[in-house]
Amino acid sequence: LTAMGEPGMDPTISSPDSTAQQDSLFSMMDVFLISLITGLFTYWFFFRKKKEEVPDLPKMQSVAAPVRDSSFIEKMKKTGRNIVVFYGSQTGTAEEFANRLSKDAHRYGLRGMAADPEEYDLSDLSRLSEIDKSLAVFCMATYGEGDPTDNAQDFYDWLQEADADLSGLRFAVFGLGNKTYEHFNAMGKYVDKRLEELGAQRIFELGLGDDDGNLEEDFITWREQFWPAVCEHFGVEATGEESSIRQYELVVHTDVNMNKVYTGEMGRLKSYENQKPPFDAKNPFLAQVTENRKLNEGGERHLMHLELDISNSKIRYESGDHVAVYPANDSSLVNQIGEILGTDLDTVMSLNNLDEESNKKHPFPCPTSYRTALTYYLDITNPPRTNVLYELAQYATDAGEQERLRKMASSAAEGKALYLSWVVEARRNILAILQDMPSLRPPIDHLCELLPRLQARYYSIASSSKVHPNSIHICAVTVEYETKTGRLNKGVATNWLKNKVPEQNGSSSLVPMYVRKSQFRLPFKPSTPVIMIGPGTGIAPFMGFIQERAWLKQQGKEVGETVLYYGCRREHEDYLYREELARFQKEGVLTQLNVAFSRDQAEKVYVQHLLKKNKENVWKLIDEGMAHIYVCGDARNMARDVQNTFYEIVSEFGNMSQPQAVDYVKKLMTKGRYSLDVWS
């Protein structure tokens, strides 16, 4: 302060009086200056803080979005990894396989990491050769009609446009597909072919997993040949037997603020209490059930129509889109797992990744309770995969049970056969395995680490947003069957939805949901004829299509022929939407209603039989009317049989050979005039 005051002093004043006066003045000035400086400093401090915070906000937002500025190469160098396993996953299986492969690497003196392609810049693949003994593996699932999964869409787009030189890249691909679909393993095949075109070196052949057969066995068979090829290529050897390595550590919270505990949310804590758009897979909307009615008049099955209220959600959908719902596991199954393992399910815990560099900090939202994890986050109803059995084997105190588990997890033919019969074909879920192996009592935290995530279920939307802008309709059948062990297995989502009744006594039934866009779309021109084939619940999207065509007609638009081929078992048992369809036909919106009742007569009649019966009219609509064809329902039998029928019709009336007819139909598909929305 003295130094600061010095320039203000007058050197000519030197008398004692003036000095005293000066001292007095100086002390007053001191107080003034100190106050002024303190004020300025305080103002500057807070002003500076505000100035700093403003530009920081976009940075924080960019972290929440996909971490595009993060290089997987730099991460691999930093953490000493040399194998990266990318996964394109829609239901979690490809991600699970990627994690298993990355864990395998340590047996060969290598270090692996699983990676979501959505989080990284894949153009960095050209730099992977900077890392010694480096390898990129791709576990790629095919979704829908030969499409990439949502998280692999950007990678797929990049591959299509890339002219990168990947000559230093070594790679291998395992595809996950289903042979009942037209474009079996299209994504795996494309990635394998395209990487080679860009100069990359394939070190092991493309693996093609078939979920219609035994996907787990396909993966194990490929994997047991893949690693020897890696060893040979890099000149390394297995360092020992496969060992159980925990990926997460358990932290039990004894004194925790319950407001910080997840209770079923998919992403943001308290997102179900404080809903904020946009709504998607990580931020589902809680839709109220406004209607839930049984559609069938008889029979053993329960077919239902539900309506979900999406008012004030800003959710938009089109006819043909899919609604995804997040179900909850049956509480009785959850309680039985808790009882058999002697666990307090309301214990609040976290499973924290031991790899601090991993983007995946927890296997599911944490902290949470075991009850919440087993109810909302983990799949406890599907037969567990072999890696789960292998890890659990160490906890079986009976030598015979331990050996049985290890055998089923092995790659030996006998072990594969035992796994197929005892687990897959018997449909034994984790509870059934624990019940049938009395000595197997694993710690519940390790079980929670091993079980796959409970996935959203997709349903074709059975309404048109033009008619129902604030409501989404679902048509579904409850899944319930007896297993070979005499147990009653129930479908998770359909039985959960069945019990979702509209508001009663002031309490409402809520369904976490979001909309997934589809390519299953009505023609751009309303005057274009449409032929819709959808037996059973395959009628769902066509209810939306017909509603929309009726709305267009009301708007004064010229609407082309609207033809429906529908099928069910019996006319007076499970003829879905009978009254609505009759009304649409009476109004002239539905120009043809062809219904096949498969079991109302001695010989079974299906939709393809009715197509053959009306083959002349069908060909006329396709050839002259330029009709669009839509098929929805079972992929394994119905969709294939319908497609073969179209080959026959085209061949007969188009004067074509069988190969020419097949090519004709395939071209209709390419042009978007033959669309499929099928499941197996």
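Q: How many aromatic pairs does a search of the whole structure find?
A: This is a predicted model, in which local features need pLDDT of at least 70, side-chain atom pairs count only at pLDDT 80 or more, and totals for chains, interfaces and linings use all residues. Residues are numbered from 1 along each chain as its sequence is written, and side-chain values use heavy atoms, with hydrogens and water left out. Rings of Phe, Tyr and Trp (its six-membered ring) pair if their centres lie within 6.5 Å, and planes under 30 degrees apart count as stacked, over 60 as edge-to-face and the rest as tilted. On that basis, the number of aromatic pairs found in the whole structure is 28.

Q: What is the angle between the planes of F97 and F219?
A: A pair of aromatic rings is described by the distance of the centres and the angle of the planes. F97 and F219 form a stacked pair, with 4.0 Å from centre to centre and an angle between the planes of 5°.

Q: Which helices does the pair of F97 and F219 link?
A: Helices are DSSP runs (H or I, at least four residues) and strands likewise (E, at least two), numbered from the N terminus. The two residues are 122 residues apart, so that the pair links distant parts of the chain, namely helix α4 (residues 93-104) with F97 and helix α7 (residues 215-234) with F219.

Q: Is F97 buried or exposed?
A: Buried means under 20% relative accessible area, exposed over 50%, and partly exposed in between (1.4 Å probe, protein chains only). The relative accessible area of F97 is 0%, and F97 is therefore buried.

Q: Which residues of helix α19 are exposed?
A: In α19 (residues 615-623), V618, W619, L621 and I622 are buried. These four cover an arc of only 160° around the axis, taken from the directions from the helix axis to the C-beta atoms, and therefore lie on the same side of α19. On the other side of α19, the exposed residues are E616 and K620.

Q: How many residues of strand β1 are buried?
A: I83, V85 and Y87 point one way from β1, whereas V84, F86 and G88 point the other way, and all are buried. Strand β1 (residues 83-88) is therefore largely enclosed by the rest of the structure, the buried count being six of the six residues.

Q: Which residue in β2 is the bridge partner of F86?
A: Two strands pair if DSSP finds at least two bridges between them. β1 and strand β2 (residues 112-115) pair in the parallel sense over four bridges. In β2, the bridge partner of F86 is A115.
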